[in-house]
Protein chains: 6
Amino acid sequence: MAVELTHLDESGRPRMVDVSEKPDTDRRAVAETTLRMRPETLEAILSGGGPKGAVLETAQVAGVMAAKRTWELIPMCHPIPITGVSLSFLPEPPDRLVIRADVRTTGKTGVEMEALTAVSVAALTVYDMVKAIDRGMEIGPTRLLQKSGGKSGDFRRED
Amino acid sequence: MAVELTHLDESGRPRMVDVSEKPDTDRRAVAETTLRMRPETLEAILSGGGPKGAVLETAQVAGVMAAKRTWELIPMCHPIPITGVSLSFLPEPPDRLVIRADVRTTGKTGVEMEALTAVSVAALTVYDMVKAIDRGMEIGPTRLLQKSGGKSGDFRRED
Amino acid sequence: MAVELTHLDESGRPRMVDVSEKPDTDRRAVAETTLRMRPETLEAILSGGGPKGAVLETAQVAGVMAAKRTWELIPMCHPIPITGVSLSFLPEPPDRLVIRADVRTTGKTGVEMEALTAVSVAALTVYDMVKAIDRGMEIGPTRLLQKSGGKSGDFRRED
Amino acid sequence: MAVELTHLDESGRPRMVDVSEKPDTDRRAVAETTLRMRPETLEAILSGGGPKGAVLETAQVAGVMAAKRTWELIPMCHPIPITGVSLSFLPEPPDRLVIRADVRTTGKTGVEMEALTAVSVAALTVYDMVKAIDRGMEIGPTRLLQKSGGKSGDFRRED
Amino acid sequence: MAVELTHLDESGRPRMVDVSEKPDTDRRAVAETTLRMRPETLEAILSGGGPKGAVLETAQVAGVMAAKRTWELIPMCHPIPITGVSLSFLPEPPDRLVIRADVRTTGKTGVEMEALTAVSVAALTVYDMVKAIDRGMEIGPTRLLQKSGGKSGDFRRED
Amino acid sequence: MAVELTHLDESGRPRMVDVSEKPDTDRRAVAETTLRMRPETLEAILSGGGPKGAVLETAQVAGVMAAKRTWELIPMCHPIPITGVSLSFLPEPPDRLVIRADVRTTGKTGVEMEALTAVSVAALTVYDMVKAIDRGMEIGPTRLLQKSGGKSGDFRRED
């Protein structure tokens, strides 16, 4: 098996991979997650101040702030000064809400984790804001849609 | 519609609900998520130092630390001094890994968000540790399994 | 002079005052600040999504989150698990916006600093959101309006 | 009205503006705030270990540390690795204390928010250190004095 | 061997021990470390603004702030709302500086880690403040002097 | 005395030294600390899941995460986006454990503090994980082994 786990050092203990020699390049990653909930929950979110209402606003602020702190949460992630984050919320009635994050930076490592963290925390925030009416809500699948920049090449999810 | 979103104040703007009057009670929440990956990725994780190997160790530490910081990530969450967190990793060959978190506290609010945050960050950490070999990995469904304590009553997922 | 600075120890160096012996009591503090800006800036804020629009939403989330982290910012502040935070925004056309925060806890120390930090960070966030059109905006006076709970007695600003 | 709020995306929800294409340039910002207090409070601060005494030392450390964490507090602020921060405290007897912060970086965005955050947290720290003797103290006006670097041009307050 | 590592769960992975059932009691811990440096470095520290000068002031603030954040740094530490922290600096000419921290809380777990973290970060801060003149400075031994409260009984170092 | 403390400004108050004019260069620092414990404690650590067991895994994750947050802990440290961190644990039976950290970046300032912070927090984590069986454990000497990059020249400890 050609598999190589670059996060494991010779003794099997985790380390933060040395990227000192990598050049700074433009990086971008887009990730997405989906919330499945009761139809009346989605209605409440969308009318709770409307499509720009408070639930989604709060989730968006939380997602942006979490993207910036990804390296504090994910142990072996490099600290990256991200240059742009944008979240969008796409209702899919009657019972789904899709959250998508688009993250950019100029740096030595990709921003997949930042995009995935942004949608994850945004989704957790939606859950928190409406859990009083729908504890059964489910989050996922959370996944990377695309990634560009860096020597590992571009990635684009096919399905 | 009888729906009431307790996070919205009269003007529709978010607030942290006042729980000053609520008594301190024992609280517990269990949440779970599932990672779906390529079979060779799961093999690598499980043999990467074995079932106690580095990927899962790192994910577990990350999950515990994230549980403690939930209130910093989720805007309207109350700060809670949690009294116990335990994560377990359950491989479901050939291509799934289930992560479960059990969180406890004695306080005025529940710990659902802490349990959900713990499994979410643990899953993101697994993704980070092996993304070099499997960018297509998917996280979810992330969901609450059970909750006890507090006046809103107990919750136990049926399916 | 009977003045006593409880934050200074015998050698003049700062310390976090020991409150171990103090009882847990209900505490509340209300603080306020005012932003002065160009009339068209206030119009933009109020119509930028309306009175519940994005500037104020973002500022409110930022203020609540900052209140929770006050003890990380103010060196000698005690960590306090606050039980409630509410911010309100009161436009005073043509050129002023008042921000008020009401913070509650059950604990050994007051929450004046939490209320003052909440309005300060909310005001800085408003500045950040519109600075591209009004760098001359001014923040203040920032001040405590009232405080209750604790043995030092209640406080209510007279002017 | 030519007003454009660059923090609002097409649907009115906040985003972190993409600055990927902006060049790294030298940036500097100077901000200031003023505390108004009772004359005996100012005397206590200045003699509480002298003009270099503990209140001002603590406030200065707090201000520098807060400048570094500005992007954690202000939701749509970009993370910036600041290269220098300096705070100065200028007593204006009998009842005022001016705090000024000078912040520098080499980066894609300005450091106005870092300078404003530094003086705000330094002022809150002064308040915290002496609030036991003067709860009526007021903070402000907090304002930007000057800014240089970046394509939006230099700014210098006239009054 | 009767040794039992309470931080390891059945599968050898770390967890945050559940202390839900433990009563809240008064806790106190005192820790100490020693810096060994060149004599002229100690002179510089002591005269750099005098014995209350800037190096020690900064180190003290850093130590107090770090004590509050111990649970963010040490993965399996419980979050504890500490009620008091005091650091003292004891010069031992010609070449030593002792730092001692006294931490208190009312809670379910001890504050040994908080006291040890306070002196460690205070010492690192001293190093940072004077490293330009003495990179060879050494920190340690860092150790617990005493601990009281809790069912594991009191501890007092004998040597 | 030619001693110059670059962290003190003209009035003796601390500041974050301005490094705007310094070029970005490759930086590296290696630091080390030693834990002295009872022989049965070292045995427990080494067999507690084996040499790759849970105590050392947890300590390694904690050390890496702390390295990234050094600038949040040490007041006058510059925020640095570190590009690599690696920790190693070297048992010296019967009663010692050496921890070494190797940190790299490309930036304007050195990474001595990051390496020293990494080993300090890793050591505190080891203490926390086994303190139930050995409260007398001692940490130190903690010291810089080598440093390269930057105009102050290279450093290599001789003893």
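1. In this predicted model, eight salt bridges are counted between chain B and chain A. One salt bridge joins the side chains of A:Arg69 and B:Glu72, with a distance of 3.0 Å from N to O. Twelve residue pairs, both members at pLDDT 80 or more, are in polar contact between chain B and chain A.

2. On the side of chain B that touches chain A, at least two residues each come from helices H1 (39-47), H2 (54-68), H3 (70-73) and H4 (112-130), and from strands E4 (138-139) and E5 (143-148). H4(B) gives the largest share, twelve residues. By type, this side of chain B comprises 27 nonpolar, twelve polar and 14 charged residues.

3. As to the extent of the interface, 53 residues of chain B contact 53 residues of chain A. The two chains, B and A, bury about 4,400 Å² between them, and 68% of that area lies on carbon and sulfur atoms.

4. Over all chains, the whole structure holds six aromatic pairs. In one of them, the ring centres of C:Trp71 and E:Trp71 are 6.3 Å apart and the planes stand at 45°, so the pair is tilted. This pair joins two chains, because C:Trp71 belongs to helix H3 (residues 70-73) of chain C and E:Trp71 to helix H3 (residues 70-73) of chain E. Both C:Trp71 and E:Trp71 are buried.

5. The rings of D:Trp71 and F:Trp71 also form a tilted pair, because their centres are 6.3 Å apart and their planes at 45°. This pair crosses from helix H3 (residues 70-73) of chain D to helix H3 (residues 70-73) of chain F. D:Trp71 and F:Trp71 are both buried, and together with A:Trp71 they make up one aromatic cluster.

Note on methods: Residues are numbered from 1 along each chain as its sequence is written. Chains are lettered from A and ligands numbered from 1 in the order in which they are written. This is a predicted model: local features need pLDDT of at least 70, side-chain atom pairs count only at pLDDT 80 or more; totals for chains, interfaces and linings use all residues. Side-chain values use heavy atoms; hydrogens and water are left out. Rings of Phe, Tyr and Trp (its six-membered ring) pair if their centres lie within 6.5 Å; planes under 30 degrees apart count as stacked, over 60 as edge-to-face and the rest as tilted. Helices (H or I, at least four residues) and strands (E, at least two) are DSSP runs, numbered from the N terminus. Buried means under 20% relative accessible area, exposed over 50%, partly exposed in between (1.4 Å probe, protein chains only). Contact means heavy atoms within 4.5 Å. Buried area is the accessible area (1.4 Å probe) that two parts lose on being put together, summed over both. A salt bridge is a side-chain nitrogen of Lys or Arg within 4 Å of a carboxyl oxygen of Asp or Glu. A polar contact is a pair of N or O atoms within 3.5 Å; within protein, one must be able to donate a hydrogen and the other to accept it, and residues adjacent in sequence count only if both atoms are side-chain atoms. Ala, Val, Leu, Ile, Met, Phe, Trp, Tyr, Cys and Pro count as nonpolar, Asp, Glu, Lys and Arg as charged, and the others, Gly among them, as polar.
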